[in-house]
Amino acid sequence: DFKVLRTGWEAACTTFSSDRDELRSKFFASRGFSEGETRYMEFVKSAMNATTESGFKEWMGSDEGIVAIVFTDIVGSTELGEKVGDQEMETIRESHFVRARQILHNLKGWEIKALGDGLLATFRTASVALAFCVDLRLDTGHARVSIRAGIHVGGVQIRENDAFGNEVNFAARVGSKGTGAEIWLSDRAK
């Protein structure tokens, strides 16, 4: 996932901090990313570093609240990974997460965490959560990726930069209902 890429980049920066810009370009170019993608990933990295528990609380307005909860998942990721191998699958996931985070940022949602090949995110309303899922389904960031998603509206509690509660668990079950490239909504999200 993106954390591996970020960790590798941070290690490279620590080791060779005197040539930071050149090293950054070489690091991402060696993984097949364009200069524009590289700049965007740097933006995402800085945004992820700013994502703290207090930031999520600030976004929510308190330690708990009612939000639209979204789980996404890449359809057939295990089979795809077996076909293309670990390195190519990592590149596919990275491209997908970059696109998902662009849409998330544009719609002012909040990423709770990446979960393997999917995301757990929150939005202020179900309609914005649905717009996120539709946009991501139309452009997943990589031609070989299709997604399934689940949306539920309910209360969450924030602890240790994560969302907890029965409603989060229910949202995960809604997301798992899809068998193909589908978007499922709970009754509360409709």
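Of the 190 residues of the chain, 44% count as buried in this predicted model. The accessible surface comes to about 9,800 Å². Carbon and sulfur atoms hold 50% of that surface. Among contacts with a separation of 6 or more, 69% join residues 24 or more positions apart.

The chain contains eight helices and six strands. Read from the N terminus, the order of elements is α-α-α-α-β-α-α-β-β-α-β-β-α-β.

Nonpolar side chains tend to be buried together in soluble globular proteins. Here the largest nonpolar core has 24 residues. Those with the most contacts inside this core are Val70, Phe123, Ala129, Phe132, Cys133, Leu136 and Ile151. Two or more residues come from each of β1 (64-74), α6 (86-106), β3 (118-123), α7 (126-138) and β4 (147-159). Helix α6 gives the most, with six residues. Ala129 illustrates the packing. Beyond its neighbours within four places in sequence, Ala129 is in contact with Ala68, Val70, Phe123 and Ile151.

Strands β2 (residues 110-115) and β3 pair in the antiparallel sense. Five bridges join them.

A pair of aromatic rings is described by the distance of the centres and the angle of the planes. The structure holds two such pairs. Trp59 and Trp110 form a tilted pair, 6.3 Å centre to centre and with 40° between the planes. Trp59 lies in helix α4 (residues 53-60), whereas Trp110 lies in strand β2, so the pair ties together parts that are 51 residues apart in sequence. Trp59 has a relative accessible area of 11% and is therefore buried, the cut-off being under 20%. Trp110, at 17% relative accessibility, also counts as buried.

The other aromatic pair is formed by Phe123 and Phe132. This pair is tilted as well, with 5.1 Å centre to centre and 40° between the planes. Phe123 and Phe132 are both buried. Each is also listed among the residues with the most contacts inside the largest core.

Two arginines lie over aromatic faces. Arg124 lies over the face of Trp59, at 4.1 Å from the ring centre. Trp59 thus has a ring partner in Trp110 and a charged group over its face from Arg124. Arg159 lies over the face of Phe164, at 4.3 Å from the ring centre.

A further arginine, Arg173, is placed in helix α8 (residues 166-176). Its relative accessibility is 46%, so Arg173 counts as partly exposed, a class that runs between 20% and 50%. Arg173 and Phe71 are 102 residues apart along the chain. Their C-alpha atoms are separated by 9.1 Å.

Terms used. Residues are numbered from 1 along each chain as its sequence is written. This is a predicted model: local features need pLDDT of at least 70, side-chain atom pairs count only at pLDDT 80 or more; totals for chains, interfaces and linings use all residues. Side-chain values use heavy atoms; hydrogens and water are left out. A nonpolar core is a set of buried Ala, Val, Leu, Ile, Met, Phe, Trp, Tyr and Cys residues joined through side-chain atoms within 4.5 Å. Buried means under 20% relative accessible area, exposed over 50%, partly exposed in between (1.4 Å probe, protein chains only). Helices (H or I, at least four residues) and strands (E, at least two) are DSSP runs, numbered from the N terminus. Contact means heavy atoms within 4.5 Å. Two strands pair if DSSP finds at least two bridges between them. Accessible areas come from the Shrake-Rupley method with a 1.4 Å probe; for residues, only the protein chains shown count as cover. Rings of Phe, Tyr and Trp (its six-membered ring) pair if their centres lie within 6.5 Å; planes under 30 degrees apart count as stacked, over 60 as edge-to-face and the rest as tilted. A charge sits over a ring if NZ of Lys or CZ of Arg is within 6 Å of the ring centre and within 35 degrees of the ring normal.
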